[in-house]
Amino acid sequence: TNTATVDSCAVVVMPRADVIDNAEIKPGLQIVGLASAGQAKYEIFENSGIGSNGLTSARHDLLSKYYLEKYPETCDPKTDSEYLYCGPYKMEDPLPESSLTVGEALLSPTRTYAPVIKQILSEARAGVKGMVHCSGGGQSKCLRFGTQVHHIKDNFLPVPPIFKAIQKASGTTTEEMFRVYNMGHGMEIFCVPDTTAQVIAISESHGIPAQIVGRTEPSQKANQQNHLSIHYEGELYEYAH
């Protein structure tokens, strides 16, 4: 049977002055990353950090051909079987370096940051110039926002085990992993330096680790286009539109 996709549209009416306009992301800001994994005080279970982005790819990269043979209806029959359930694990297998099973990690719900963001906007709104949810582009999503900005990320939170397992099983390059997955922080708050400590404290009060993961500087491109530099484990990865 074919799959039905059900989407949604959310609409809000609010004062224009309260809108976080990512056009305000400019050079001179610090980027605070809010962790995607662990267990927030408002969550019932530990979160693997996977979120909804790249989840189909993660499922096929990690799970074995057993699931293709037993549940062929879970796949698009037009897809080459080479790319379907080509991983080493079953759902009940332990996820390496984690207290979760592979199945628990894959089924981990996408973290909502709503309680944290609500408090940040209530107590530190003046210093917040932008927010980026790291989905639909992973760590490269920030490229879409700001004007004449060089985004620099060089102080990442620990990469959760789920992403390490995906990369090992699939052989995906680190450059592509950062393009697809959040890799450890699912929300970015772009703020003036004086606000950074307050934003971090608010996040941690909800049980979500946070830290300065980077900063914004003037674009180094001849056309002043936004670009991103990721420094990770001694390597430099460059991204641009």
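Predicted model: local features only at pLDDT ≥ 70, side-chain atom pairs only at ≥ 80, totals over all residues.
Two packed helices are described by the angle between their axes and the distance between the axes. In the present model, helix α4 (residues 114–123) packs with helix α7 (residues 196–205) at an angle of about 145 degrees, and the two axes lie 9 Å apart. The crossing of α4 past α7 is right-handed. On the side of α4, the contact is formed by V116, Q119, I120 and E123, while α7 contributes Q198, V199, I202, S203 and S205. When these residues are sorted by class, four are nonpolar, four are polar and one is charged. An α-helix has 3.6 residues a turn, so residues three or four places apart point the same way.

Helix α1 (residues 55–62) was examined for burial. Within α1, the residues A58, H60, D61 and L62 are buried. The buried residues of this helix pack against α3 and α5 (161–170).

R111 is located in the loop between α3 (102–106) and α4. Its relative accessible area is 6%, which is under the 20% limit, and R111 is therefore buried. The side chain of R111 reaches the backbone oxygen of A37 at a distance of 3.3 Å. Apart from its neighbours within four places in sequence, R111 is in contact with A35, S36, A37, G38, Q39, A40, E43, N47, H133 and I208. H206, in turn, is found in the loop between α7 and β5 (210–218). With a relative accessible area of 15%, H206 is likewise buried. When neighbours within four places in sequence are again set aside, the contacts of H206 are A40, K41, Y42, P115, V116 and Q119. V116 and Q119 also belong to the contact of α4 with α7.

A pair of aromatic rings is described by the distance of the centres and the angle of the planes. The model contains eight aromatic pairs. In one of them, the ring centres of Y67 and Y85 are 6.0 Å apart and the planes stand at 45 degrees, so the pair is tilted. This pair links distant parts of the chain, since Y67 lies in helix α2 (residues 66–70) and Y85 in the loop between α2 and α3, 18 residues apart. Y67 is buried, with a relative accessible area of 10%, and Y85 is buried at 3%. F178 and Y232 form an edge-to-face pair, with 5.3 Å from centre to centre and 75 degrees between the planes. Here too, distant parts of the chain are linked: F178 is in helix α6 (residues 174–180) and Y232 in strand β6 (residues 227–232), 54 residues apart. Both F178 and Y232 are buried.

Finally, backbone angles were considered. Most residues other than glycine have a negative phi, and most peptide bonds are trans. E97, which is not a glycine, has a positive phi near 65 degrees. E97 lies in the loop between α2 and α3 and counts as exposed, at 65% relative accessibility. Q148 also has a positive phi, of about 55 degrees, although Q148 is not a glycine. This residue is placed in the loop between β2 (128–133) and β3 (149–153). At 42% relative accessibility, Q148 counts as partly exposed.

Notes: Residues numbered from 1 in each chain as written. Heavy atoms only, no water. Axes fitted to C-alpha atoms, helices over the stretch in contact; angles between N-to-C directions. Helix = DSSP H or I, 4+ residues; strand = E, 2+ residues; numbered from the N terminus. Left-handed = near helix turned anticlockwise from the far one by under 90°. Contact = heavy atoms within 4.5 Å. Nonpolar A, V, L, I, M, F, W, Y, C, P; charged D, E, K, R; others polar. Buried < 20%, exposed > 50% of the residue type's maximum accessible area, 1.4 Å probe, protein only. Polar contact = N/O pair within 3.5 Å; in protein donor to acceptor, adjacent residues only side chain to side chain. Phe/Tyr/Trp six-rings, centres within 6.5 Å; stacked < 30°, edge-to-face > 60°.
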